[in-house]
Amino acid sequence: MARKNSIIVLSGLFTLDGQLDADFKRSVDRGVELLSRGEADFIILNGGPGKYVDGTYIPSGMRSTYRDAMRDYAVSLGVPQDLTLVQNYSSDTVGEAYFVKEMHISPRNFFDNLVVTRRFHTSWAMAIYEKILGSKFSTDFEPVETEKDNDPDTLAAEKESMDRFLKRSEGID
């Protein structure tokens, strides 16, 4: 794989005690692994207030954001803080793609990037990043195996979300 400008790690879920859940940790682990192998210059950690594994949302400003938890975890794995870029405005994939583009990718001319996300979420993330970033940017994807990859309810929810996004964004360039 050719060296990328950045590795973009998408958010996941918090455990009820405010920690990264196992699948979320796997995504950060993969991003850190790729960065430590020299696959990119920076790691972008994505996510705002966040959501718990039980589906409830964390009120903005009340607790750690995904970004904080991801950065703390990545730094604990040995990533220098100056190689971490963060986005903490959005905790959904559409918003994350938009804010990462506006805050980091466009201003820094990061034209070649790698997105790390859970395998079940990869198709949905690809559709979003293709739409939000457009053809000016090259974006590859690194799927991370999770226990939810073959879960029918998870896959149905992902398909429903992707279909809704594609319908709503039809005709928007």
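In this predicted model, helices H4 and H5 cross in a left-handed manner. Helix H4 covers residues 122-133 and also meets helix H3, which covers residues 93-105. Helix H5 spans residues 152-168. The points below describe the two helix contacts in turn.

**Packing of H4 with H5**

- The axes of H4 and H5 lie 9 Å apart, and the angle between the two helices is about 20°.
- Because angles under 35 degrees count as roughly parallel, H4 and H5 are described as roughly parallel to each other.
- On the H4 side, the contact is formed by Ser123, Trp124, Ala127, Ile128 and Lys131.
- These residues meet Glu158, Ser161, Met162, Phe165 and Leu166 of H5.
- By class, the contact of H4 with H5 consists of six nonpolar, two polar and two charged residues.

**Packing of H3 with H4**

- The axes of H3 and H4 come within 9 Å, with a crossing angle of roughly 45°.
- That angle makes H3 oblique to H4.
- The crossing of H3 with H4 is right-handed.
- H3 contributes Thr93, Val94, Glu96, Ala97, Tyr98, Lys101 and Ile105 to the contact.
- Their partners in H4 are Trp124, Ala125, Ile128, Tyr129, Ile132 and Leu133.
- The contact of H3 with H4 comprises 10 nonpolar residues, one polar residue and two charged residues.

**Residues of H4 that take part in both contacts**

- Trp124 and Ile128 of H4 meet residues of H3, and Trp124 and Ile128 also belong to the contact with H5.

Notes
Residues are numbered from 1 along each chain as its sequence is written. This is a predicted model: local features need pLDDT of at least 70, side-chain atom pairs count only at pLDDT 80 or more; totals for chains, interfaces and linings use all residues. Side-chain values use heavy atoms; hydrogens and water are left out. Axes are lines fitted to C-alpha atoms, for helices over the stretch in contact, and angles run from 0 to 180 degrees between N-to-C directions. Helices (H or I, at least four residues) and strands (E, at least two) are DSSP runs, numbered from the N terminus. Angles under 35 degrees count as roughly parallel, over 145 as roughly antiparallel, 65 to 115 as roughly perpendicular and the rest as oblique. A crossing is left-handed if the near helix is turned anticlockwise from the far one by less than a right angle, and right-handed if clockwise. Contact means heavy atoms within 4.5 Å. Ala, Val, Leu, Ile, Met, Phe, Trp, Tyr, Cys and Pro count as nonpolar, Asp, Glu, Lys and Arg as charged, and the others, Gly among them, as polar.
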